[in-house]
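User: I would like to learn how to read some local features in a protein model. Could you walk me through a few?

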Amino acid sequence: MTLSQVAYLIPLKPDLKEDNSSPRITLSEGQNTIGRLNVSTTDKRLSRKHITITTSTSGSASLSVEGTNPVVVRSSGERKKVNPRGEVSLVNDDLIELIPGHHFFKLVLLPRESERGSHERAAKKARKEGDGSDDVEAIRRFCPASEKLHSTFRLLSVDGLPDWANTSCVSINDVVEGDVVAAILSNYMVDLDWLLSACPKLVNIPQVMVIHGEGDARQEYIQRKKPANWILHKPRLPISFGTHHSKAIFLVYPRGVRVVVHTANLIHVDWNNKSQGLWMQDFPFKDDDDDKDSTKSCGFEDDLVDYLAVLKWPEFTASLPGLGNVKINAAFFRKFDYSNATVRLVASVPGYHTGSNMRKWGHMKLRTILQECVFDREFRRSPLVYQFSSLGSLDEKWLAEFGASLSSGITEDRTPLGHGDPLIIWPTVEDVRCSLEGYAAGNAIPSPLKNVEKPFLKKYWAKWKADHSARSRAMPHIKTFTRYSDQKLAWFLLTSSNLSKAAWGALQKNNSQLMIRSYELGVLFLPSPVKTQGCSFSCTDNNSSTKKVKQETKGEVEKRSKLVTMTWQGNRDSPEIISLPVPYQLPPKPYSSEDVPWSWDRGYSKKDVYGQVWPR
């Protein structure tokens, strides 16, 4: 971040939630002119030079109206009209209406130089003491530029937190938007009553397919209550004790497709009370020449279509402008250009996988991708983090097998990265008791005592500490796996997979077969050539470009992106820096002797924040 950049204007929707389809406006020290060219819709009431915001590195800001129409500023709950040639002081989190009732923006002031220097000194001291950089309220400053949005992921908004804690966070209505022609909702649990009330736009989509993992009784209820045009499908589970656990949304638009991979069940508490993650990217239809040439596919496309083909949903028809009636099946998804995909997909499907199929799924898929990647030398023998919300019945042999996959990769001199020691981030009993939901949060951390209290796991336990994302009390349903060095990340996986053999698979028959019980889906963030960043295509913005990223010079092609956490201290405006909102502290802090890992089948008599004991 350059020192001259001292604030952002964040575009908001009429309901005052962040509008992620519009870019943020960076404000530099001095005078900044905002007007007609800074909004996505044409409005003749806006002047080209509508307002001027003057900022300084001391943290002060003021607004003067240059246009012919008044502006409204909301500050501390009061709404003040500022007439032409009028001026008003601004403070952090003030809301600005460029036209009263229209074109909403929120002002976010970045830390003053003195605060920044003080924080950097504190961060350096913390790192020196081995405690890591926790950067309190770092999420307040997590404002990725529009061209980097698809290269990162977002946390879901959490009710009851201050506004700053939900900076750049999303809700389901930020995902399902615009003129959707067909939708596929993939999940484990589906609360239809909540879903239709929380996202009424779904009712107006012509064709909706719900792929779920619900039991028979719940499936019958959804069947009775669903809109007439909705189709339900529960994929086949050929091996006992498996589930359809993948969490994804696929939205087909007249201009392209939106692919969403996330970690929340389609239920109220998952989208409102817990720490969750979500990645999404829009992709255009292929050019006619590309569509005819099957060799134009890429890794993301092949992985996506291979996964969707296994689901075997009942084919349905949707009407697309310019294409007429088209069959929506797995092959349909080859019509889109995924060449600018910023992630790789890592999926699991149930079965006994042998031969080349063994490396297409589960932890062997992750191993295969990482083996082909080159990482910086600083990640040699660097540690791993396993963070999830349900623990399977594990043994040391399988943990070693799993760790071998996650330790794959080489450096530029072809040296293997080598084994990484893992830590398991898992909430303690006190974390759950004092959480936003109290003991009730433990329902979504469903691991029994027999799995949690295996003696060999003691050396792996680490705390869920998330002060910098304001989510220490929002219990994690997010699942992530990563390899890190300080605040830099070799790679990062956001996934539906918990730590279990059922989700990741277990090698059998002298490592010639991989047995997986469940369906899972995740997105893997990797260092990639910087030229792949910056795709501006949007399914919902008619002004977005569908052009491919231009070929760079040789030197620029070889420049690779670097993944960092929100608390990394450095120049985030550099094109190669991709900041990921890792919600928990790195390095993780190991359990103390007093910490007890949560297990949901044990009784707890100490009352929670609502005066309840467990079980109720």
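This is a predicted model: local features need pLDDT of at least 70, side-chain atom pairs count only at pLDDT 80 or more; totals for chains, interfaces and linings use all residues.

User: Let's start with annotations. Which residues does UniProt list for "binding site"?

Analyst: The record, an unreviewed entry, lists Lys247 and Lys479 under "binding site". The listed positions are spread over 233 residues of sequence, yet they cluster in space, with a largest C-alpha distance of 11.5 Å. Lys247 and Lys479 both belong to the lining of the second largest pocket.

User: Is Lys247 buried or exposed?

Analyst: Buried means under 20% relative accessible area. Lys247 has 0% relative accessibility, so it counts as buried. It sits in the loop between strand E14 (230-233) and strand E15 (248-252). A polar atom of the Lys247 side chain lies 2.8 Å from the backbone oxygen of His245. Beyond four places in sequence, Lys247 touches residues including Ser186, Tyr188, His262 and His477.

User: And what surrounds Lys479?

Analyst: Leaving out residues up to four places away in sequence, its contacts include His245, Gln387, Phe388 and Leu493. Thr263 and Ser496 are among the residues that Lys479 touches, and Lys247 touches Thr263 and Ser496 too. The side chains of Lys479 and Ser389 are joined by a polar contact of 3.1 Å. Lys479 lies in the loop between strand E26 (461-462) and strand E27 (480-485), and counts as buried because its relative accessibility is 1%.

User: Now the buried charge. How far from Asp431 is the nearest side chain of opposite charge?

Analyst: For a salt bridge, a side-chain nitrogen of Lys or Arg must be within 4 Å of a carboxyl oxygen of Asp or Glu. The nearest side chain of opposite charge to Asp431 is Lys463, 7.1 Å away, and buried Asp431 has no salt bridge. Asp431 is in helix H10 (residues 429-433) and, apart from neighbours within four places in sequence, is in contact with Trp464 and Met475.

User: What should I look for in the backbone?

Analyst: Most residues other than glycine have a negative phi, and most peptide bonds are trans. Here, Asp486 has a positive phi of about 55°, in the loop between E27 and strand E28 (488-495). Asn511 also has a positive phi, about 65°; at 48% relative accessibility it counts as partly exposed.

User: Where are the cis peptide bonds?

Analyst: One joins Leu586 and Pro587, with omega about -10°. Another runs from Trp614 to Pro615, with omega near -5°.

Methods: Residues are numbered from 1 along each chain as its sequence is written. Side-chain values use heavy atoms; hydrogens and water are left out. UniProt positions are given in the numbering used here, feature names are shortened, and annotations may be inferred rather than shown by experiment. On a 1 Å grid over the protein atoms alone, a cavity is a set of points where a 1.4 Å probe fits but cannot get out, and a pocket is an open set with protein on both sides within 12 Å along at least five of seven lines; lining residues have an atom within 4 Å of a point. Helices (H or I, at least four residues) and strands (E, at least two) are DSSP runs, numbered from the N terminus. Buried means under 20% relative accessible area, exposed over 50%, partly exposed in between (1.4 Å probe, protein chains only). Contact means heavy atoms within 4.5 Å. A polar contact is a pair of N or O atoms within 3.5 Å; within protein, one must be able to donate a hydrogen and the other to accept it, and residues adjacent in sequence count only if both atoms are side-chain atoms. Lys and Arg count as positive and Asp and Glu as negative; His and the chain ends are not counted.
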